[in-house]
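Biologist: I have the model open and would like to go through its side-chain contacts. Can we take them topic by topic?

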Amino acid sequence: MPKRSAGLLLYRLTNGRPEVFLVHPGGPYWAKKDDGAWSIPKGEYTDDEEPLAAARREFEEETGIRPEGEATLLGTIRQPGGKLVTAFAVEGDIDPHAIRSNTFSMEWPPRSGRMRSFPEVDRAGWFGKEAAERKILRGQLPFLQALWEHLG
């Protein structure tokens with residue numbers, strides 16, 4: 001059975017135009033990547049957790065902020081690696097400079113024997129339609145398209 005993740009695509013309307021909140025993954029692999037590297041805050045969940053509850057939990061773990069509000073299912077996609085990702089849209093407004101992410105540890109540099117800690121998310125931002133479509137991971141682009149359709 002493929003791994004499953006759930007995430008929230010936070011959005012706001014600024015002068016009638018939608019903007020979405022995306023996060024940039026932390027760690028050395030992603031440090032110099034920008035276009036095509038950003039993501040919705042998301043993470044894995046198990047059979048005993050509802051996808052929306054997991055999406056809210058993961059958003060909070062990656063940003064330190066728990067957005068409330070009505071959620072709209074955007075759908076489930078299979079990412080290129082096979083993982084199934086379910087996303088929900090929630091309207092809200094948060095300060096991207098106020099995020100506080102959980103950390104993870106990994107050996108760095110490779111084969112050095114030294115473990116280092118990195119934030120799961122190293123930065124966040126609000127992006128309009130064109131910028132968001134350029135910044136987001138290709139496999140998550142259908143979530144943006146579903147949001148644009150939902151918003152009309």
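Biologist: Start with Trp38 and Phe127: buried or exposed?

Modeller: Both Trp38 and Phe127 are buried, where buried means under 20% relative accessible area, exposed over 50%, and partly exposed in between (1.4 Å probe, protein chains only). Keep in mind that this is a predicted model: local features need pLDDT of at least 70, side-chain atom pairs count only at pLDDT 80 or more, and totals for chains, interfaces and linings use all residues. Residues are numbered from 1 along each chain as its sequence is written, and side-chain values use heavy atoms, with hydrogens and water left out.

Biologist: How many aromatic pairs are there?

Modeller: The count is five aromatic pairs. Rings of Phe, Tyr and Trp (its six-membered ring) pair if their centres lie within 6.5 Å; planes under 30 degrees apart count as stacked, over 60 as edge-to-face, and the rest as tilted. The Trp38 and Phe127 rings have centres 5.0 Å apart and planes at 75°, so that pair is edge-to-face. Trp38 lies in the loop between E2 and E3 and Phe127 in strand E8 (residues 121-128), so the pair ties together parts that are 89 residues apart in sequence. The element names are DSSP runs, numbered from the N terminus: helices (H or I) have at least four residues, strands (E) at least two.

Biologist: And Phe104 with Phe118, what is the geometry there?

Modeller: That pair is tilted, at 5.9 Å centre to centre with 35° between the planes. It links distant parts of the chain, with Phe104 in strand E6 and Phe118 in strand E7 (residues 115-119), 14 residues apart. Phe104 is partly exposed at 29% relative accessibility, while Phe118 is buried at 9%.

Biologist: Which residues do ring pairs link into a cluster?

Modeller: Phe21, Phe59 and Trp126.

Biologist: Where does Lys33 sit relative to Tyr29?

Modeller: Lys33 is over the face of the Tyr29 ring, 4.5 Å from its centre. The criterion for a charge over a ring is NZ of Lys or CZ of Arg within 6 Å of the ring centre and within 35 degrees of the ring normal.

Biologist: Salt bridges next. How many?

Modeller: There are 15 salt bridges, each being a side-chain nitrogen of Lys or Arg within 4 Å of a carboxyl oxygen of Asp or Glu. One of them joins Asp47 and Arg4, at 2.6 Å from N to O. Asp47 is in the loop between strand E3 (42-44) and helix H1 (51-63) and Arg4 in strand E1 (residues 4-14), so this bridge ties together parts that are 43 residues apart in sequence. Asp47 is exposed, at 65% relative accessibility.

Biologist: What about Arg12 and Asp93, how far apart are the closest N and O atoms?

Modeller: They are 2.7 Å apart, in a salt bridge. Arg12 lies in strand E1 and Asp93 in the loop between strand E5 (84-91) and strand E6 (103-107), so the pair ties together parts that are 81 residues apart in sequence. Asp93 is exposed, with a relative accessible area of 55%.

Biologist: Where do Glu61 and Arg57 lie?

Modeller: Both are in helix H1, four residues apart, about one turn of the helix. Salt bridges that share partners also join Asp34, Asp35, Asp122, Arg123, Arg134 and Lys135 into one network. For Glu61 and Arg57, the closest N and O atoms are 3.4 Å apart.

Biologist: Switching to H3. Which residues are buried there?

Modeller: In helix H3 (residues 141-151), Leu141, Phe143, Leu144, Leu147 and Trp148 are buried. They cover an arc of only 160° around the axis (taken from the directions from the helix axis to the C-beta atoms), which puts them on the same side of H3. Their cover includes E1, strand E2 (17-25), strand E4 (71-78), E5 and helix H2 (129-135), with contact meaning heavy atoms within 4.5 Å.

Biologist: Last topic, the backbone. What joins Trp108 and Pro109?

Modeller: A cis peptide bond, with omega about -5°. Pro109 is in the loop between E6 and E7. Most residues other than glycine have a negative phi, and most peptide bonds are trans.

Biologist: Where is Arg111, and what is its phi?

Modeller: Arg111 is in the loop between E6 and E7, with a positive phi near 60°. Asn15 also has a positive phi, near 55°, and is in the loop between E1 and E2.
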